[in-house]
Amino acid sequence: MKDSDSSSKWPQHCVATLLASLATLAHAQGGAQCPQVPCDDVRTVAAASTGVPVEHDFNAAAATTYYITLTDLGAQFAAPQPLASLKLAITANDALVSLVPITGAGAGAATTTLVVDGAGSVATNGVATASFTTTSAGAYRFHIVGAPANGTGPGPIGLTVSATQGGAPVQSWSDAIGLSGAPPSSAEGIIQQSFTVTAAGAYTVSVADLGLPQSLQGPPQLLLLQAGNVIAILPDPGSHALNTTLTLQPGGYQVFAVGLAANGAAGGLFSASAIPVPAGGGAPAFSWTVPVGGTIAVGGATPLTAGSQYSLSLNDLAFPAALTHLAAMAVDVSVGAAAASLAGSGTQTFTAAGGMGDTYQIYAAAQAATTPGAGGYTARILPMGSSVAVAGAAKAVTASGGTLYAYDFTADVPAAGTYTATLTDLQIPAALGAAKLALVQGGGIVGTPLASPGSITATLSAGSGSLTLLAFASSSAAAGSLLDVSVSDASSKLVFDQPQGVGAAFNPTQVSITTKGTYQFTLQDLAWPASFSAMGGQLTAVLTQGGTLVGEFFGGGTLSSIPVTTTGKYYLSIIATPTGSDQAGTYALNISPAPPAPSVNLSADAASVAAGGTVHLLWTTTGATSCVASGGGWSGTFTGAQATSDSVTSPAISTATTFKLTCTGAGGTAAGSVTISIAPAKGGGGAIGEGLLLVLGGCLTYRRRRRD
């Protein structure tokens, strides 16, 4: 893709195969979702050095066999660019679903290895198939892990599910497997979209290199297809023009476009659109703007008032140090055209276009200095004469290859007043190596930034926009660290809280607990594609609220009987260091009210016995699944339903003895005990008592009287 001649030659047979897999676009990757209790969630996480896992949910209509096709789309290019690895698994009800080993689709030269649920085979031309049988209707989740080839950007993949082998897809997705964070400078920007034309008309179809911060490696390339047939190629193979005018008939169309950042560039930006002829004659058939490499979208897209003046404002915050490069552009994404641009801090005014409901988006590209390796900036759109932005955000930036990680968190300020922001080092699994925090509002820093964990108190305005917390941190160990940033008002009421893992795979689960009580948290390692504990990896869960540690557990397991006395939002943070060749792992998380602790009622049929005697020990329990006896020679392990309610004869008792029964159930452990004493020994002879002598004397007198 280095010149317009070579970049415009697209093999149509590859395009038809590619677009068949791109029926819908959806990407389920993200943090775990447990908005309320009970919660049941399964997620795959990966190390930063490999591809970000892709997850999609599939709702099976019935208990039947489904057929899946997993496609490495990069392997289908004329010059194949397959991923380094690609694997897929399916989960349901916190368990892996057994799959038929994936098989290749036929003979061919271009091959790549795809693995489904641990069973590997060679897939021809990057296309592989498998089947799986659902035991019941309901929710299933696809988990895909992989890694881009060395030195390349994200690789496109496709996934389809059919009810019959080779049949029409029931559901399909397309994604890109790439590294987390900013893509490498050689990364591709890809448009894979569909649109519908309702009435025939003339349109100008075009692609444009917007040059932020630099021009692309070559002109962006575009294919326009209808029913699998290519109807337009840009740049034009003959004239090399980046636009063409043609009549679009009613029906569905597909767009596939690619832009490649120049070697060594911080990033790039390009757009693709189809505008009615004449211009302004109606809404565009399509218009998309795509950042490439380190160029990012800042804030959300915002409609502006037609004919009104606005200013694009860009500010290097110089925290913790000034940036080496900073550029921004306001783009009318309704037509894919730049409205204003800046190469450094400053402002530029522009007039919002009208007539087509125009929407504007800020894009920016920044680079931090090698030392200290971090910086921050704000990019905003403001109405003329106003200090309150209608679009934009503050962003944190770190230098490539540095040890610091950059985070920016947005918090709503409910009212003007004094607020305190706190950065807490939770020291789990290890302490932070470095931590910095700054508060940004109204395009600038408020309060005094932190160079280590601590608190910032600042006066904030409710009318200056959201508060952004810029944080930079590193871990002191390979296992990673956990920090928390929170904001409280003057009455110490928590208005914002967010934990963040540093230097390890991290999934935060926000849980809203509305009822006080005792809760149980269970974390299970599903060991796909490998166990977290293999080769020294780890899986850790930490429960926090407002920077306060509530509970933690390691290596998977159960955190039971956690009393919740304060309702509200909690975070269960999963910190993982996956190992193995795939550098990825999958876990299941469950949160539910904890079952009540078991009860034990142990008694005996006598409170005391003569030395050497025995008693019958009787017991009943509730909520117990196993019991263990101890004390007084009564020993053994009693398990099963029978043992939780039974009776036995004790061993011989020679001294006062306490018998104990400890029982365990889902709600914890409880014990019952009974003490048996020794009764006093009975006498065998000795002196006759005075009362007995009187009785005997009376009897003798009576006998004598009868005889006389």
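The legends below describe close-up views of a predicted model.

**View 1. The largest cavity and its lining.** A search of the whole structure finds three cavities of 30 Å³ or more, and the largest cavity holds about 50 Å³ of space. Its lining is made up of A46, T50, G51, P53, S85, V145, G146, A147, D582 and A584, which divide into five nonpolar residues, four polar and one charged. Strand 10 (residues 138-147) supplies the largest share of this lining, with three residues.

**View 2. A network of salt bridges.** Of the salt bridges in the structure, six in number, the view shows those that link D41, R43, E55, D57 and R141 in a network. R43 and D41 meet through their side chains at 3.2 Å, N to O, and both residues are buried. R141 pairs with D57, with 2.6 Å between the closest N and O atoms, and this pair links distant parts of the chain, R141 lying in strand 10 and D57 in strand 2 (residues 54-60), 84 residues apart. R141 counts as buried because its relative accessibility is 14%, whereas D57, at 43%, counts as partly exposed.

**View 3. The salt bridge between D408 and K395.** The two side chains meet at 3.3 Å, N to O, and the pair joins strand 29 (residues 405-411), which holds D408, to strand 28 (residues 391-398), which holds K395, the two being 13 residues apart. D408 is partly exposed, with a relative accessible area of 27%.

**View 4. D316, a buried residue without a salt bridge.** D316 lies in strand 22 (residues 309-316) and is buried, yet the nearest side chain of opposite charge, that of R380, is 13 Å away. A polar atom of the D316 side chain lies 2.9 Å from the backbone nitrogen of A318.

Conventions:
Residues are numbered from 1 along each chain as its sequence is written. This is a predicted model: local features need pLDDT of at least 70, side-chain atom pairs count only at pLDDT 80 or more; totals for chains, interfaces and linings use all residues. Side-chain values use heavy atoms; hydrogens and water are left out. On a 1 Å grid over the protein atoms alone, a cavity is a set of points where a 1.4 Å probe fits but cannot get out, and a pocket is an open set with protein on both sides within 12 Å along at least five of seven lines; lining residues have an atom within 4 Å of a point. Grid points are joined across faces, edges and corners, and a volume is the space filled by probe spheres set on the points. Helices (H or I, at least four residues) and strands (E, at least two) are DSSP runs, numbered from the N terminus. Ala, Val, Leu, Ile, Met, Phe, Trp, Tyr, Cys and Pro count as nonpolar, Asp, Glu, Lys and Arg as charged, and the others, Gly among them, as polar. Buried means under 20% relative accessible area, exposed over 50%, partly exposed in between (1.4 Å probe, protein chains only). Lys and Arg count as positive and Asp and Glu as negative; His and the chain ends are not counted. A salt bridge is a side-chain nitrogen of Lys or Arg within 4 Å of a carboxyl oxygen of Asp or Glu. A polar contact is a pair of N or O atoms within 3.5 Å; within protein, one must be able to donate a hydrogen and the other to accept it, and residues adjacent in sequence count only if both atoms are side-chain atoms.
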